[in-house]
Amino acid sequence: MNSVHHHLDRRRPYVFDVLELGRRPGAMKEIQTSVPAPVDLGYEVIAVPQDSEVGLDLKLEAVVEGVLATGTVHAEIRGECARCLSQIEDEKSFELQELYFYPGNEVDEEESLVIDDAIDLEEALRDAVVLELPFTPLCDPDCLGLCQECGFNLNNDPGHGHDEKVDPRWEKLAGLDLRSDN
């Protein structure tokens, strides 16, 4: 959350009210809810599908500096194996932790803020998920990939192979029987 934002749209599913914490260090609020996945929650090869259900199991705690949001994000991920190009579909859990500073604290521009007694978890959600997604997703750690010659999925037949290729310059000689009959 950037400090240039002055108001949060409380209708957004990632905005949560923290008024009841009342700036009392130690006050806590637990949240268990589902929100739709935001746009671009991942990479081109693996991501959380947009608008799919993302489960949040969070604890919001008032601390001296602001509100500490910790918890777990549960989401479906979909992608493509980097070796064999097969589809990957899985459920994953991601740990989320973000400190939202109260107004008046001296903070960097990149720091998250409590604005109008509310916090916006979208950036924290994005950081928690995207930073943990594999840059090179695999359907299995032992994935064999594709045959370099024909593109066959080697996971379907690990013994897949091709006859030895003959150099095109010698191809016409391949059919000759060079054995002598002596």
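**Chatting through a predicted fold**

Reader: Hi! What is the relative accessibility of D117, and how does D117 count?
Author: Hello! D117 has a relative accessibility of 37% and counts as partly exposed. On this scale, buried means under 20% relative accessible area, exposed means over 50%, and partly exposed lies in between, with a 1.4 Å probe and protein chains only.

Reader: Before I go on, what sort of model is this?
Author: This is a predicted model, where local features need pLDDT of at least 70, side-chain atom pairs count only at pLDDT 80 or more, and totals for chains, interfaces and linings use all residues. Residues are numbered from 1 along each chain as its sequence is written, and side-chain values use heavy atoms, with hydrogens and water left out.

Reader: Thanks. Where does D117 lie?
Author: D117 sits in the loop between strand 8 (112-113) and strand 9 (118-120). Helices (H or I, at least four residues) and strands (E, at least two) are DSSP runs, numbered from the N terminus. D117 also has a positive phi of about 55°, although D117 is not a glycine.

Reader: And what is the phi of D40?
Author: The phi of D40 is positive, about 55°, and D40 is not a glycine. Most residues other than glycine have a negative phi. D40 lies in the loop between strand 2 (28-36) and strand 3 (41-42), and D40 is exposed, with a relative accessible area of 61%.

Reader: Zooming out, how many helices and strands are there?
Author: The protein chain has one helix and nine strands. Along the sequence the pattern reads β-β-β-β-β-β-β-β-β-α.

Reader: Is helix 1 enclosed or open?
Author: Seven of the nine residues of helix 1 (residues 122-130) are buried, so helix 1 is largely enclosed by the rest of the structure. Among the buried residues are L125, V129 and V130.

Reader: Which strands do those buried residues pack against?
Author: They pack against strand 3, strand 4 (46-48), strand 5 (53-62), strand 6 (66-80), strand 7 (87-101) and strand 9. Contact here means heavy atoms within 4.5 Å.

Reader: What about V64, buried or exposed?
Author: V64 counts as exposed, at 69% relative accessibility. V64 is in the loop between strand 5 and strand 6. Apart from neighbours within four places in sequence, V64 is in contact with P25 and Y102.

Reader: And C147, which residues is C147 in contact with?
Author: Leaving out neighbours within four places in sequence, C147 is in contact with F152, L154, H160 and H162. C147 counts as buried at 12% relative accessibility, and C147 belongs to the segment after helix 1.

Reader: New topic: what radius of gyration does the protein chain have?
Author: The protein chain has 27 Å, whereas a compact globule of 182 residues would have a value near 16 Å. The radius is taken over C-alpha atoms, and the globule rule is 2.2 Å times the number of residues to the power 0.38. The C-alpha atoms fill a box of roughly 105 × 30 × 25 Å along the principal axes.

Reader: Last one: where does pLDDT stay under 50?
Author: That happens over residues 1-5. pLDDT is the predictor's confidence in each residue, from 0 to 100. Where pLDDT is low, the predicted coordinates should not be read in detail. Across the protein chain, pLDDT averages 88, and 92% of the residues score at least 70.
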